[in-house]
Amino acid sequence: MKLSLELNGRQVEWDIAPGETLLGALRDHRQFSVKRGCETGDCGACTVLLDGQPVNSCVVAAARCEGGQVVTMEGLLGDPLMQRLQKSMVDSAAIQCGYCSPGMMMSLYSLLRDKPQAGEDEIRHFLTGNLCRCTGYVKPVAAALAVAQAQGEQS
Amino acid sequence: MSPVKKAPPAPHRIMGTPPPAHDHEVVGKNVTKIDAFKLARGEPAYTDDFTRPDMLFAKVLRSPHAHARILKVDASAALALPGVVDVIWHQDVKPILHTRAGQSYPEASPYDTVILPEKARFIGDRVAVVAAESLAIAEKALDLIEVQYEELPAITDMHEALTRTDVLIHEVPDPRGIGEGGRTNVAARIDRQVGDVDAALARCDLVVERTYHLPRVQASHIEPHVAVAWLDEDQRLMVRCSTQVPFHLRRVLARVLEMPEARIRVIKPRVGGGFGDKQEMVLEDLVSVLALRTGRCVRLEFTRAEELIAARYRHPQVITMTTGVMKDGTMLANRMCVLADTGAYGSHALTVQGNTGQKVLPMYPLPNIHFKVDTVYTNNPNSGAFRGYGAPQGCFALECHMDEVARELGMDRLELRKKNHIRLGDTDPLSVKLGDNKPGLVRIVRSTGLDECIRRGCEAIGWDKKQEPSQPHLKRGLGMALAMQGSGIAGIDWGAATVKMNDDGSVNLLVGATDIGQGSDTVLAQLCAEELGLECAQVVVLSSDTDVTPFDVGAYASSTTYVSGGAVVKAAAKLREQIAAILAQHWDCEAEDIDFAKGQAVSPNGQSMTMQEVALHCMYEAMMQPMASASHVSDDSPPPFAAQFADVEVDPETGQTFLRKFVSAVDCGTVIHPLMAEGQIEGAVAQGIGYALFEEVLLDREGRVLNPRFLDYKIATALDIPAMETILVETDEPSGPYGAKAVGEVPIDGPAPAIINAICDALDGTRIYQIPATGERVWRALDEKRKDH
Amino acid sequence: MWDVKEYLIATNPAEAVEMMAAGAGKGRYLAGGTDLLLEKPACDFVVDISRAQMSEVAVSPEGDLFVGAAASLEYLANDQAVRDFAGGAISRMAAWCCNRPVRTTATVGGNLCHAMPSADMAPVFMALDATCFVMGQDEQESLLLTDFFVGPRQTVLEGRLLVGLALPAEAAHWHCAGHKLTRSAEDISLVQVAASLGVQDGVVENVRIVLGAVAPVPMRSQLAENMVAGLKIAEVTPDILDDAALIAAGEAAPISDHRASAEYRRDMVRVLTRRMLDEVLDRARKGDQS
């Protein structure tokens, strides 16, 4: 079936199977930041933004996104907030194997966009959907907090 | 052993070495992890990010029976499905015995495995494999395969497996005699003694014996196992996969495919976590066979359920500890008896359990130590390697037991440890008795920061003053544990490195050492840069590609910084000597008087060249490629040490435990990259917290996994991690590169015993002898105690 | 991959029902899809109701709260009308379900229609006396949520559409609290207890104790409720609460599974019932809804 949606600001039309997941469709269309980790909505490695909100693309039907807006990490590489977040993650050594990192940053991006000065508690609550087996979350949380604090100082 | 360039000590060394002459330029600095930005940007870097136009998708048909002969596989209906290209089962593949464990040759694991077995040995064992034009077609095809099984009686209880011989899970003897296939269900045995434990126990004022139960847990790297294989234009087999052991994998593939290694190339791109679970050929043989049969590119990736059923677990164990001690707290004897479940196949069956004692018991180097292991085959899914490699089990038993001994003795639990723990200059009493499938080498402690770890850890957790509960219905407790590990396997683990210089003065560093996310590429680049006076960014690292990089055993046994790092330092030093010789001619001075620092070579006469000028001179004047390779092995495996502390609150009505703070003080020698070393510790602690509190793969009596999903196999989320404090206690290990020891594994050992000891402290002595300490287990323990009184 | 042949998108409930009736073979309604996409039940076509004007929350002039079945859990967690209702018990429970990315699409209707005994949203809605609106091809029905569940994964729907839920205006002033017993921070309920308390002139006019994950369907413990109903707040002693908690534990019919044993679950019903009653009474005494 045909699917029309806006991917990273561009209108696309894809031919998909009716039962395809958004994860499958995105990876088929070279969105490599979207990782396959569990396909049961538990790990968050496939987190993308659907109409601005984080979703696990493995448990969203691609067809459900008809007419919607989908944003992946590929679409945020030029975004100042995402760039700050990436730099903070790198500087904090929050990236080990990196497999969960894009999904984690998509979640954190949506939090820090909506709550620029989010505190540690909010960050941890937000991150429960993004499993990371390498870092124990210490440095990713620190990286997000550093961005929030810098945003606090700017405002 | 040839000496590695010794670095001046960093400012915080506790050993009596002179103060530093100058700081290092790169070592000890938080340089940017060299692959971090591309991973942060989500660039295609992992196995599954590479696709080929002719790619087929493979899926494995798995056994629904725990023990059954596979009499016939009828794939005609599956093959008739449009898009199905190939289906294979045991009749299609030559049965060549091997082990899937990625270990040095000759492997210390029984040869009890074939690519596709004629007998399924666990629910989830390989029966047939499909290759199809799409994943959806491959999945559909599985449903169309008809299999005739002859069901056999199954053994899923390890105690039963130890005694029963009427059912043999492996009927063919292990050709090398490590396992007892054909005779019993024992995959490996160990029985070693130092001194005379029985005689010593008879003399002791107090003997304490307890039994501890350790669960089946899974590594749960977020990137599943995945492999892609194809034939290149020379018909060589290319295997790109998520592995920790590219060179071992090539060797095992060569054996089972009956191809020379020269015809096989294993390429390891970025790996999304391994933790030991990828120290094993879990699926690479299948894509290889299918690629060779079809001539097409074939991809196979595990689902999360397959990860939790058909990858590898930390071995479940039952450990009985017997300790003899005098009234003053002098410990005289320790006995550790281990019963372990390797599951259907025996990969790592001997060595993991060997580590359970070898890496753990030397913490208290008593004159009498007895260590006994029975590892049995069962019809359960497979155990194997998982970070810590047996030590977390042993450390749990020993460090819980130390608290029990102290309690019975009426002695402070920390004092008992301080009185008996290993010290600088001590010999590890088990090291000679326990080698990895060959005689062990003497291990003498040449660096230790253990006392400092204890002191600073106590300070950070507030050991002397337990805090009040945060709410009236909760109870608060403190617990601690000591841990030690190794740095590589002495005399067995080795690696090599090649360094070559480019026109601009940068270098390529080619290493077989396998970066699986832990950051070894960065650490090795730091060592190389330091040695050559370069910046880290001028070192371009390639790891690992069996066609291009030199050999390395791979990423396991806490070996990369210590062993592979030694090879890098040697290779870089050789390269520096080559350049120095050329410059010495040019400048008419002695080569050894030329100094390399801050991107420059400087002669004693004050002449200098940038490294770019040096490179241009070497290449276009001297016509010589500065290039060097070196191998490194260490006869020692110096232990990193850790003292770990937990502050918990327990709800005595629900049994739930809430972790409030966790402190790790770790001596890993010289710290090459402080932030990444902390990251190793924090990640290991998070896995240890899961081991302590909620991780457990549950099987029913038939051996079926009941919770093959993250919904029910709980790993720690950001909310499960308490305030974490990590203290790096630097020491100077004389045998390590720049004084470094390992850091990757030791911090996973202590969390479980520290947390369970803290729960026991909170509950006035009620102890959990089986982890994870779920709410229900604690509730039950409290209930039993109430009934007792 | 989920093997479905057709994916239809409805723009209103009536159209959804029509599509379901007209479709060839077996159809499934999909709102968020977070359960369907991972369970992939055998069916031929899907009717997407995520844009069928069922995702809103509204308050009637009388003060009744209407919640569309396709409202996402994240929406319920944040919507001001829901947060204001009964001290925000529904919002707090919604925010405690699954994880943030899943809550974006997972819906309250999906949670209820999936009808797991452990359905996280059922107890608080039942404690607040929710009514369900169900639409079939030729009929519409409203029934109490208490009567909605038939058994594990079974509801009264039988192919009909759950359009939404309504909470009565009087429940807006009840004190309500729900608690999940979990294995780790983010988890489904091993046991859930929700309690609500309506007080008029110092007398307990309404009390509801709802137990989740301890019976084939989420259930009220009416015997336990009877212990407290009609009493003056001042008369509710700790002994009465202990008894009510024990009775609730006795009424529960838990099973043993890989998550917990029946024995443990039963005792946890006691512990949580006592704690939830304490909490709502405490709020009632303080006159504090949240």
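Author: The model is predicted. Let us begin with the contact between chains C and B, in which 15 residues of chain C are in contact with 17 residues of chain B. On the side of chain C that touches chain B, helix 11 (residues 262–286) of chain C gives the largest share, 3 residues. By class, that side of chain C has 8 nonpolar, 3 polar and 4 charged residues.

Reader: How do you know which residues of chain C and chain B are in contact?

Author: Two residues are taken to be in contact if their C-beta atoms lie within 7 Å. By that criterion chain B and chain A also meet, with 44 residues from chain B and 39 residues from chain A. Helix 1 (36–40) and helix 16 (674–693) of chain B are the elements that give two or more residues to the side of chain B that touches chain A. Helix 16 of chain B gives the most, with 7 residues. This side of chain B divides into 20 nonpolar, 14 polar and 10 charged residues.

Reader: What makes B:Leu706 partly exposed?

Author: B:Leu706 has 14 C-beta neighbours inside 10 Å. A residue is buried at 20 or more and exposed at 12 or fewer, so B:Leu706 counts as partly exposed. B:Leu706 lies in the loop between helix 16 and strand 28 (723–728) of chain B. Leaving aside neighbours within four places in sequence, B:Leu706 is in contact with B:Leu698, B:Leu699, B:Asp700 and C:His258. The C-alpha atoms of B:Leu706 and B:Ile309 are separated by 9.6 Å, although these residues are 397 residues apart along the chain.

Reader: Why are helix 2 and helix 3 of chain A called oblique to each other?

Author: Helix 2 (residues 80–91) and helix 3 (residues 101–114) of chain A pack at an angle of about 125 degrees, with their axes 10 Å apart. Roughly perpendicular covers 65 to 115 degrees and roughly antiparallel begins over 145, so the two helices are oblique. Their crossing is right-handed. Among the residues that meet are A:Leu85 and A:Met89 in helix 2 of chain A and A:Met105 and A:Leu108 in helix 3 of chain A. This contact has 8 nonpolar, 2 polar and 1 charged residues.

Reader: What makes helix 3 and helix 4 of chain A oblique?

Author: Helix 3 and helix 4 (residues 120–127) of chain A pack at about 135 degrees, with their axes 10 Å apart. Roughly antiparallel requires an angle over 145 degrees, and these helices are therefore oblique to each other. The crossing of helix 3 and helix 4 of chain A is right-handed. A:Met104, A:Ser107, A:Leu108 and A:Leu111 in helix 3 meet A:Glu122, A:Ile123, A:Phe126 and A:Leu127 in helix 4 of chain A. By class, the contact has 6 nonpolar, 1 polar and 1 charged residues.

Reader: Why is helix 6 of chain B called oblique to helix 7 of chain B?

Author: The axes of helix 6 (residues 246–257) and helix 7 (residues 284–294) of chain B come within 11 Å and cross at roughly 50 degrees. Roughly parallel means under 35 degrees, and roughly perpendicular means 65 to 115; helix 6 of chain B is therefore oblique to helix 7 of chain B. The contact is made by B:Leu249, B:Leu253, B:Val256 and B:Leu257 of helix 6 and B:Glu284, B:Asp285 and B:Ser288 of helix 7 of chain B. These residues divide into 4 nonpolar, 1 polar and 2 charged.

Terms used. Residues numbered from 1 in each chain as written. Chains lettered and ligands numbered in written order. Predicted model: local features only at pLDDT ≥ 70, side-chain atom pairs only at ≥ 80, totals over all residues. Axes fitted to C-alpha atoms, helices over the stretch in contact; angles between N-to-C directions. Helix = DSSP H or I, 4+ residues; strand = E, 2+ residues; numbered from the N terminus. Left-handed = near helix turned anticlockwise from the far one by under 90°. Nonpolar A, V, L, I, M, F, W, Y, C, P; charged D, E, K, R; others polar.
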